[in-house]
Amino acid sequence: MSLTVLASSASTTAVDTVSNWWEDEQVRSWVIERPVKIVVILLIAIVSQWVLRRVINKLASKAAQTPSGTAIPRLPLTVKPTKAQREEESRQQAAMNRSQENRRKSRIKTLAGVSKSAVGIVIWSLAALLILDQLGVNIAPLIASAGVVGVALGFGAQSLVKDFLSGVFMLLEDQYGIGDTINVGEDIIGDVEDITLRVTKVRDIDGTLWTVRNGEILRIGNFSDHYAICRLQIPVGLSNNAKEAWHVIEAAVAEAVKDPAIKNEVIDDPVLNGISAWEPDYISYRISIKTMPGQQWHVQRHAQAHILDAMQAAGISTPYPYGVGIMRKADES
């Protein structure tokens with residue numbers, strides 16, 4: 001009988017202990033209330049980021065599809081142009097407007113990408129502070145000491161702050177955008193695929209994706225801003241008549257820019273600058289063609305093929321037509 005009483009007393013004590021533990025407000029707070037609040041904070045952060053990213057994407061898409069309504073002004077003409085001149089001027093004007101519109105869309109896409117990155121940083125920073133508060137950490141001193149934290153960052157994370165500041169000024173000054181072809185130094189030339197406040201991702205011609213910190217970009221060459229210049233260097237052997245070669249090359253490049261493959265990428269008439277180099281075995285003619293931004297290499301490849309065919313048809317030889325150091329035959333000299 002005494003064993004039964006002892007067992008019943010032990011069971012009652014255990015139940016009372018568990019009941020008292022469960023009824024403790026601090027225990028219930030740490031086991032149920034705080035975890036639930038943390039989960040709610042995480043869910044709100046995830047949903048907020050998703051909603052804001054969709055809003056940014058829709059606003060960017062709407063802005064990109066809406067024409068800007070601005071066009072590059074035409075220069076006044078002193079003489080009345082002919083019909084052909086008016087058509088050529090209209091084509092060039094349309095090309096410049098397309099260039100400006102593509103640049104505008106690139107900027108919108110860049111700002112949208114950085115905005116989504118900034119939204120994520122803000123939302124998750126606030127979520128981290130709220131979670132720390134639920135874990136019993138007093139966040140008031142953290143907020144109050146923001147200035148001290150900023151000073152600490154200035155000394156301890158200078159490179160990170162430098163990257164963010166460079167990213168901000170890059171956006172404000174519109175130095176480049178997503179889709180632009182840029183040169184960031186150290187032989188890194190390629191198309192911009194992604195931009196954040198900290199890094200820029202560039203895909204080069206070999207397919208390599210370079211991730212460059214914004215603070216490490218000391219100079220930028222943008223090949224996609226407003227227009228580009230296609231520059232050609234055409235070598236011609238010294239045995240040719242210089243003036244004849246000049247006329248053949250000039251006619252060839254004028255015909256080349258009319259090719260449908262590159263016609264819409266050329267903004268202005270090509271210019272034969274003349275002989276830019278005089279070497280012991282050849283002279284070099286320089287040609288400049290104003291093109292749509294980023295299309296100078298495409299125009300260059302097509303124009304060079306046209307010029308070479310025209311030179312061969314006219315009998316204009318290039319340096320060492322039979323190989324380096326081999327003299328031409330006497331009957332062909």
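Me: Hi! Which residues form a nonpolar patch on the surface here?

Reply: Val-47, Trp-50, Val-51, Val-55 and Leu-59 do, with about 480 Å² of accessible area together. Patch members have over 30% relative accessible area and no salt bridge, with like charges joined within 9 Å and nonpolar side chains (Val, Leu, Ile, Met, Phe, Trp, Tyr) within 5 Å. Areas come from the Shrake-Rupley method with a 1.4 Å probe, and for residues only the protein chains shown count as cover. A salt bridge is a side-chain nitrogen of Lys or Arg within 4 Å of a carboxyl oxygen of Asp or Glu.

Me: Good to know. What sort of model is this?

Reply: This is a predicted model, where local features need pLDDT of at least 70 and side-chain atom pairs count only at pLDDT 80 or more, while totals for chains, interfaces and linings use all residues. Residues are numbered from 1 along each chain as its sequence is written, and side-chain values use heavy atoms, with hydrogens and water left out.

Me: Back to Trp-50: where does it sit? And is Trp-50 buried or exposed?

Reply: Trp-50 lies in helix H2, residues 25–65. Helices (H or I, at least four residues) and strands (E, at least two) are DSSP runs numbered from the N terminus. Trp-50 counts as exposed because its relative accessibility is 52%; exposed means over 50%, buried under 20%, and partly exposed in between (1.4 Å probe, protein chains only).

Me: Switching to the sheet, what's the strand order?

Reply: The order is S4-S3-S2-S1-S5, an open sheet of five strands with antiparallel pairing. S4 and S5 (221–222) are at the edges with a single partner strand each, so one side of each has no neighbour in the sheet. Strands pair if DSSP finds at least two bridges between them.

Me: How many bridges join S2 to S3?

Reply: Five, between S2 (residues 189–195) and S3 (residues 199–204). Asp-194 has Lys-201 as its bridge partner in S3, and Gly-190 stands opposite Asp-204. Three residues separate S2 and S3 in their hairpin.

Me: And which residue in the S3–S4 turn has a positive phi?

Reply: That's Gly-207, at about 90°, in a hairpin with four residues between S3 and S4. Lys-201 turns up again here, with Thr-211 as its bridge partner in S4.

Me: Last one: what does the side chain of Asn-214 join up with?

Reply: The side chain of Thr-200, through a polar contact of 2.7 Å. Such a contact is a pair of N or O atoms within 3.5 Å; within protein, one must be able to donate a hydrogen and the other to accept it, and residues adjacent in sequence count only if both atoms are side-chain atoms. Asn-214 is in the loop between S4 and S5 and counts as buried at 4% relative accessibility.
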